[in-house]
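Reader: I have a model open on my screen and would like to learn how to read it. Could you take me through some features, one by one?

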Amino acid sequence: MSQPMSQSQNVSSAASNAATDSSTGLKRASNDMGWEYGILVDPTNLDKIQCKLCGKIMSSGISRLKKHIAQIKGSVSSCPNASKEDIAKCKAAVEEGSKKKKDKLQAAKEIREEVTIIEEDGDDEEVDIVGTRKRPHTLGPMDKYVSDINPGKKMMGQQTISATFLKARIEKVDSFLARWVYEAGIPFHAIDNNSFAQFCEAVGQFGVGYQPPSQYKLREPLLKAEVERTKKCLKKQEEEWASMGCSIMTDAWSDRKRRSIMNLCVNCKEGTTFLSSKETSDESHTGEYIFNYVDKVIEEVGPKNVVQVVTDNASNNMAAAELLKIKRPNIFWSSCATHTINLMLEGIGKLPKFKGVIEKAKAFTIFIYAHHTTLAFMRKATKKRDIVRPGVTRFATSFLTLQSLAEKKEALKGMVTSNEWGKSKWGPSSTKGKTPYATVLSISFWNGVSLCLKVFAPLVKVLRLVDGDRPSMGFVYGELQKAKQEIIEACQSKEAQYKPILEIIDAKAQGRLDSPLHLTAYLLNPFYFYKDQTIQNDSSIMEAVIECVERFYPEDVDAQGDVINKELLMYKNKVGMFGKIVAAKGCEANNDNYDPVGWWSNYGNSTPKLQRMAMRILALTSSSSGCERNWSTFEGIHTKKRNRLDATRMSNLVYVQFNAKLINKKARRKEKDVLLASEATYAQGWIVEGGDDDEVEPGSGLTYELLATTMGVDEVFMPRRSGRNVGVREPRELHEEDFVSEDDSEEEENEEIDFESDGDQVLEGYGGEEIEEGDEL
């Protein structure tokens, strides 16, 4: 008997050694010791495992395999080739796992037993329910009266119990919820989420004993199920893509682990949908690579549904545009209007006349925020209103802060001339206090601030237009012409003043905001054409219209002829429905009620081919900012505490979270100013000396200033501040005691303060001061 046993042990030992070789066979990505003894039979079926010792194939996962090796009777047959060492090892592992499971259940039981929302000596009270439940139930153990869960339905009840008793129970439940919110660091606004309210309703209907899902279920099956549910909810957007056309938007981002991620969104008249993202750390973002990524998505969305692709003006994107034009000549590639207008504003801001004012204003705000004493003086003078306003770009911060300074001009003057300021160590008699004192009391400085706002405001108005959710293709070119005229008026029609500004605007717009698509949209928008019919006499505009017709109806000369020679003439000559008085009145005001797509739907039926083309063009966005704003969703998910998320799971989380905003569109609050950022760290350059110096371009790791100098251009525009800018400098955090946001209005103890309104007054109230003779831009 001893000899066979020895042979068995030798075989078992050899098999055991083989089992420890990780290169043998397939196994799941797991550290469980059971994989020393098993391999996957089929890589597509993760639960079917073969024993390495005896070759037996079994289901139900690695736990059953360990019981097989440990020869634990009951659920599986014993392995005949397992050695005593193997049996002992697996038995210990099974017992340890069983103990962990029991301890976890016991701990959960003890935690649940600590929750007592029902008084033990209280009598059961009845609640008559009118709604999802058909019968009265007892306010006692809810699991006795479980009904179907349908969070979408609202339950109405007529209470017959004491209001005081009910209030006490609600407060107990609230205290447990609050404790979880505080300990887990859940944002307070999450409590207002509709899906959370539905969850509470579902738990209530489930009854006593609900067990929350495991981390695995949240990470995998539940997340995948929610992705599928979200896809079904977005069917309306997909239908809109087919009927009105859509825009593909793409952008790149570097996360906290320096992984390069490209994301892709689809925009239509209904809003922006996040479609997908992919990690591209190992790939060079060449024009060909971007083209292949975009082209694949065009196939998924449907080539007939895509009208344009919108990206920023980077050279690799422009190279991809040329490749797309070859393969799909009927699809346009447009430059992002938001990016282009920001380039205009930054270029204008570098003119000596404006640069000097901005630098003086920046030096003043840095001085105020550098010292607790000066910060306290400012807060008292402005009634706790900040003078610095963080913006989504460097220029946005400059404009918003200049606006804030202008609004608080008198308060700041009163501050620096007060006795308290004069007696302080930072008063006008101090070395460091002389310059800020002179700045605030300087007439020329305030005239310069006013001029900056007068010149910048028209372009900021266009920036807000193109950076919003409203379809803007039909307005970009027309509003840009209007802005140029307003700038000329702001400069009192003095050519020496406005010429350098308009030269910058025209240089940045050329080839970006004057494409055939922009010019055609300008002509087909009746808001402009019905006011100025000389638009049709511009040869460049008519050439653009003809090119668009050829690309909308490629290889169909008859359709092209119908549009250009018949239908377009009917529109230009206001024939038929186009000539109705109600048609003219329907486009005379560009307000929230005006919709050029709806206008063409009403009055363009006699020109079906032109109508289709006009509606698809006028329903387009002109910016990729909707795609870029998606990075804030990535940042919210990929935090310092969650930086181990793989790219696929992070993409799924973003898909659900970002698109939930679109699905719940009707329930959303009014959008805030698109230029205003939510974090003070976005305004480092106005708060800390050299705060902008270390802004890093994620692709190269070099600062934007160095890139611009090296390339010999001023086109290296720093994007929205986001997780992409994980620069070498740790930004200064502005804590509550030294930085109060525009929305906070808490009163200090023992001090009565009447808080002023600090609403946006960007486009009015500036322009009273005249430009001084001899001023150079």
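**Starting from one residue**

Author: Let's begin with Ile617, which counts as buried because its relative accessibility is 0%; buried means under 20% relative accessible area, exposed over 50%, and partly exposed in between (1.4 Å probe, protein chains only). Please keep in mind that this is a predicted model, in which local features need pLDDT of at least 70 and side-chain atom pairs count only at pLDDT 80 or more, while totals for chains, interfaces and linings use all residues. Residues are numbered from 1 along each chain as its sequence is written, and side-chain values use heavy atoms, with hydrogens and water left out.

Reader: Where is Ile617, and which residues is Ile617 in contact with, leaving aside neighbours within four places in sequence?

Author: Ile617 is found in helix H27. Helices (H or I, at least four residues) and strands (E, at least two) are DSSP runs, numbered from the N terminus. Contact means heavy atoms within 4.5 Å. Apart from neighbours within four places in sequence, Ile617 is in contact with Met473, Leu517, Thr520, Ala521 and Phe552. Ile617 and Gln308 are 309 residues apart in sequence, yet their C-alpha atoms are 9.3 Å apart in space.

Reader: How do I read a helix such as H23?

Author: Start with its span: the expected value is 1.5 Å times one less than the number of residues. Helix H23 (residues 539–552) has 14 residues and should span 20 Å, which agrees with the 20 Å between its end C-alpha atoms. Next, look at which way the residues point. An α-helix has 3.6 residues a turn, so residues three or four places apart point the same way. In H23, the buried residues are Ile541, Met542, Ala544, Val545, Cys548, Val549, Arg551 and Phe552.

Reader: Which elements do the buried residues of H23 pack against?

Author: They pack against strand E10 (306–311), strand E11 (332–335), helix H21 (516–524), helix H24 (557–572) and helix H27 (608–618). Arg551, one of the buried residues of H23, also has its charged end over the ring of Phe332, 4.0 Å from the ring centre. A charge sits over a ring if NZ of Lys or CZ of Arg is within 6 Å of the ring centre and within 35 degrees of the ring normal.

Reader: What does H9 look like by the span test?

Author: Helix H9 (residues 287–301) has 15 residues and reaches 21 Å from first C-alpha to last, close to the expected 21 Å. Its buried residues include Tyr289, Phe291, Val294 and Ile298. After H9 comes Gly302, with a positive phi near 115°.

Reader: Which residues have a positive phi although they are not glycine?

Author: Most residues other than glycine have a negative phi, and most peptide bonds are trans. Lys383 has a positive phi of about 55°, and Lys384 one of about 65°. Lys383 lies in the loop between helix H13 (372–381) and helix H14 (394–407), and Lys384 is in the loop between H13 and H14 too. Lys383 is partly exposed at 34% relative accessible area, whereas Lys384 is buried at 8%.

Reader: How many aromatic pairs are there?

Author: Rings of Phe, Tyr and Trp (its six-membered ring) pair if their centres lie within 6.5 Å; planes under 30 degrees apart count as stacked, over 60 as edge-to-face and the rest as tilted. The count comes to 29 aromatic pairs by this rule. Among them is the edge-to-face pair of Tyr182 and Phe188, 6.4 Å centre to centre with 85° between the planes. Both Tyr182 and Phe188 are exposed. Phe475 and Tyr594 are also edge-to-face, at 6.2 Å and 90°. Phe475 lies in the loop between helix H18 (443–466) and helix H19 (476–490), and Tyr594 in the loop between helix H25 (581–585) and helix H26 (596–603), so this pair ties together parts 119 residues apart in sequence. Phe475 and Tyr594 are both buried.

Reader: Finally, where does pLDDT stay under 50?

Author: pLDDT is the predictor's confidence in each residue, from 0 to 100. Its mean over the protein chain is 78, and 72% of the residues reach 70 or more. It stays under 50 over residues 666–670, and is below 50 over residues 696–776. Where pLDDT is low, the predicted coordinates should not be read in detail.
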